[in-house]
Amino acid sequence: MPDIRSALREATERLSATSDTARLDAELLMAHALGVSRTELLLRHLHSGPPASFTSILDRRLNHEPIAYILGSQPFYGLDLEVGPAVLIPRGDSEMVIEAVRLAREGQPTKRILDLGTGSGALLLAALTIWPEAQGIGLERSGAAREVAARNAEANDLTSRARIIAGDWTQGGWGSDLGRFDLILANPPYVEEDAELAPSVRAHEPAEALFAGPDGLDDYRLLIPAIPHLLAPGGTAMFEIGARQGDAVSALAREAGLAAKVHPDLAGRPRAVEMA
């Protein structure tokens, strides 16, 4: 009977056509099947027999299902967040948005935070860890996503400070009763309809959270005109953007009477637009 070491070797070979991180994926999936950490797997279990459930878990990854969905969680800015098909998987790009807004708001009072299209709650909950005196609202139209965000708030002991509410910015008057905020965050849909995406993204992550018309700007056109009515004096809005959208989103901000500043990611590509 093959041991886990040989099962990992075979799984890595099979996953190499699906993933750029085949060995890491194989180890994470095996650890998940065993119910142990990856470190414990590598230190204590390599000579054990593989669990029967590993085959079905591996098949899911071979079918391009994101590993975060298989594991059911994703780390983000020091938080462990539940994820599933109802929400986008939080990525390092969004961690950069949080870091950019942390620096932009340094030394300024931040008492009320709004996250537009909160999904898993990643941006809102990360921001609440930075500003421990703040209260936050996560606006989300998907009921399934709101449930995930609420569970993440509870799991990270932020339920008393994070309110997850229903809202849809495609409907008139969506922000009229929200009040004003020191900080507004958003990672709206911004992918062009015909964009080439990895199969793991196009086939598995929620399309309504990805696509925003032919140029990827439809949701910015709806959201940005409302920002001046939602920002408190001295407030900041920070929107995640696609790498080619800095100029277009900045122009929309200026049309709404806002100053705009583009923030790059670690690779130097435009990744967020700050508005004030």
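Biologist: How are H1 and H2 oriented to each other?

Modeller: Bearing in mind that this is a predicted model, helix H1 (residues 4-15) and helix H2 (residues 22-34) pack at an angle of about 130°, with their axes 8 Å apart. Angles over 145 degrees would count as roughly antiparallel and 65 to 115 as roughly perpendicular, so H1 and H2 are classed as oblique to each other.

Biologist: And is the crossing left-handed or right-handed?

Modeller: The crossing of H1 and H2 is right-handed.

Biologist: Which residues make that contact?

Modeller: From H1 they are Ile4, Ala7, Leu8, Arg9, Ala11, Thr12 and Leu15, and H2 contributes Ala22, Arg23, Asp25, Ala26, Glu27, Met30 and Leu34. Sorted by class, the contact of H1 with H2 consists of nine nonpolar, one polar and four charged residues.

Biologist: Changing topic, which residues touch the most other members in the largest nonpolar core?

Modeller: That core has 29 residues, and those touching the most other members are Leu116, Trp174, Ile184, Tyr220, Ile224 and Phe239. Several elements each supply at least two residues of this core, among them strand S3 (112-116), strand S6 (181-186), helix H10 (218-223), strand S7 (231-240) and helix H12 (246-255).

Biologist: What is Phe239 in contact with, beyond its sequence neighbours?

Modeller: Leaving aside neighbours within four places in sequence, Phe239 is in contact with Leu116, Ile184, Tyr220 and Ile224, and its partners also include Ala186, Leu223, Ile227, Arg271, Ala272, Val273 and Met275. There is also a second, separate core of 25 residues, which includes Leu79, Leu81, Val101 and Leu185.

Biologist: Why is H7 described as largely enclosed?

Modeller: Helix H7 covers residues 122-130, and seven of its nine residues are buried, so the rest of the structure largely encloses it. The buried residues of H7 are Ala122, Leu123, Leu124, Leu125, Ala126, Ala127 and Leu128.

Biologist: Now the backbone: where is His64, and what is its phi?

Modeller: His64 lies in the loop between helix H4 (54-62) and helix H5 (67-71), and although it is not a glycine, it has a positive phi of about 75°. With a relative accessible area of 26%, His64 is partly exposed.

Biologist: What about Asp157, is that one buried or exposed?

Modeller: Asp157 counts as exposed, at 70% relative accessibility. Its place is in the loop between helix H8 (143-155) and strand S5 (162-166), and the phi of Asp157 is near 60°, again a positive value in a residue other than glycine.

Note on methods:
Residues numbered from 1 in each chain as written. Predicted model: local features only at pLDDT ≥ 70, side-chain atom pairs only at ≥ 80, totals over all residues. Heavy atoms only, no water. Core = buried A, V, L, I, M, F, W, Y, C linked by side-chain atoms within 4.5 Å. Buried < 20%, exposed > 50% of the residue type's maximum accessible area, 1.4 Å probe, protein only. Helix = DSSP H or I, 4+ residues; strand = E, 2+ residues; numbered from the N terminus. Contact = heavy atoms within 4.5 Å. Axes fitted to C-alpha atoms, helices over the stretch in contact; angles between N-to-C directions. Parallel < 35°, antiparallel > 145°, perpendicular 65-115°, else oblique. Left-handed = near helix turned anticlockwise from the far one by under 90°. Nonpolar A, V, L, I, M, F, W, Y, C, P; charged D, E, K, R; others polar.
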